[in-house]
Amino acid sequence: MKAYISKIQHFNVHDGNGFRTTVFFQGCNLRCKWCQNPELQNPTPIMMYDKALCTGCGACMEACTNKALEPCGEGIYFHAFECTLCMKCEEQCFNGARFFSSHKCTLEYVLKECLKDEAFYVYHGGGVTLSGGEPLLQSDFCFSLLHSLKSIGISTAVETAGYVNYEAIEKVIEDTDVFYYDVKLIDRGKRKKYLGSDSNLMLDNLVKLSRLHDRIVIRIPLIPGVNDSETEYIRIMKYIKSLGNIRYVQIMPFHQLGMRKYELADINYEMKDIDAENTIKINKCSDIAKSYGFEVNIGGGGFVYELRAVSKVKETGMPT
Ligand code: SF4
Ligand code: SF4
């Protein structure tokens, strides 16, 4: 079994309890205008190109037998439709100038990578978090990975925007200790404008999930001029409160750390001129969330909550 994985990040402290190994999946059905992982939106890997590292040696072009890379003036033009994702160009670019946003990885490989951090999970707390992109678009792989981890006693978390068929969520419920569920906007018009979809699927799925799972942390990316007004924020709080069993809210301040990826992936970034975090607004939204009875964390780190019971990691847990 394989999935398109962008990276496996070790020792993360922003994606759950303790040290997390975060697995980033390729693909997302939303098009949030502030996305800081734009290279992961496409369902398959996209080519990234760092002009500053390119020496113009032409090795990538020579490696391409599909004529997807061709000379164009002083540079090289990429014909995306001719590309078969063989990735020979990436292999031949020794300067790291041409590379792909993700690679096909086997379940065994991902599991082995995660288990390199096993000692940290046991002695310092932590586990594995699936992120993206939208991990649940590759839900069979997610299920197998989570199930393998749970079966050897490792804590698991899934970050999702919930814009997937409900069956994909249902598949991983049993093997997920904590869901980090994005709620970005309630207003339908704004959802259409800023997320690229006005579908109620995300909110409907959250209602269904909240009836079956008691460890859901609601994540709200706080985007200047989009959802950081008192009116919009209160609307989000009322909605979350109406679900009945949500205790935790994480406010994720806006940042511009992914700006360079837009350049490398040749994607237009509409929010490049927006200033990063506004502490006054963040504190105000935090106060509003608290007034609705939620426990609030800002930024994703240091949020302490009880996990479902995690059994002792078996010594024979390494995959073969
Ligand atoms: S991935 Fe393969 S087909 Fe695509 S540009 Fe590179 S060498 Fe050519
Ligand atoms: S192989 Fe790398 S350095 Fe050489 S031309 Fe291609 S992208 Fe540039």
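Helix 3 passes helix 5 in a right-handed crossing. This is a predicted model, so please take every value I give as computed. Helix 3 covers residues 107-115 and helix 5 covers residues 139-151. Their axes come within 11 Å, and the crossing angle is roughly 40°. That angle makes helix 3 oblique to helix 5, because anything under 35 degrees would count as roughly parallel.

Who makes the contact? On the helix 3 side there are Leu107, Val110, Leu111 and Cys114. Helix 5 contributes Phe141, Ser144, Leu145, Ser148 and Leu149. By class, the contact of helix 3 with helix 5 has seven nonpolar residues, two polar and no charged.

Now the other helix pair, helix 9 and helix 11. Helix 9 runs over residues 230-242, and helix 11 over residues 279-291. They pack at an angle of about 30°, and 10 Å lies between their axes. Helix 9 and helix 11 are therefore roughly parallel to each other, since the limit for that label is 35 degrees. The crossing of helix 9 past helix 11 is right-handed. From helix 9, the contact uses Tyr233, Ile234 and Met237. From helix 11, it uses Cys285, Ile288 and Ala289. What classes of residue are found in the contact of helix 9 with helix 11? Six are nonpolar, with no polar and no charged residues.

Next, the domains. The chain is divided into two parts: domain 1 is 2-42 + 103-298, and domain 2 is 47-100. Taken over C-alpha atoms, the centres of domain 1 and domain 2 are 32 Å apart. How many residues of domain 1 are in contact with domain 2? Four, and they meet four residues of domain 2. The side of domain 1 that touches domain 2 has two nonpolar residues, one polar and one charged.

On to the ligands. Around ligand 1 the residues are Ala63, Cys64, Asn66, Ala68, Leu69, Cys83, Thr84, Leu85, Cys86, Met87, Lys88 and Cys89. The shell around ligand 1 divides into nine nonpolar, two polar and one charged.

Around ligand 2 we have Cys54, Thr55, Gly56, Cys57, Gly58, Ala59 and Cys60, together with Gln92, Cys93, Asn95, Ala97 and Arg98. The shell of ligand 2 splits into six nonpolar, five polar and one charged.

Last, two backbone details. Most residues other than glycine have a negative phi, and most peptide bonds are trans. Where does this model depart from that? One place is Phe11, a residue other than glycine, whose phi is positive, near 55°. Phe11 lies in strand 1, residues 2-12. Another is the peptide bond joining Gly132 and Gly133, which is cis, with omega about 15°. Gly133 is in the loop between strand 8, 126-131, and helix 5. That brings us back to helix 5, the partner of helix 3 in the right-handed crossing I started with.

Note on methods
Residues numbered from 1 in each chain as written. Chains lettered and ligands numbered in written order. Predicted model: local features only at pLDDT ≥ 70, side-chain atom pairs only at ≥ 80, totals over all residues. Near = placed C-beta within 6 Å. Nonpolar A, V, L, I, M, F, W, Y, C, P; charged D, E, K, R; others polar. Domains from an automatic or database assignment. Contact = placed C-beta atoms within 7 Å. Axes fitted to C-alpha atoms, helices over the stretch in contact; angles between N-to-C directions. Helix = DSSP H or I, 4+ residues; strand = E, 2+ residues; numbered from the N terminus. Parallel < 35°, antiparallel > 145°, perpendicular 65-115°, else oblique. Left-handed = near helix turned anticlockwise from the far one by under 90°.
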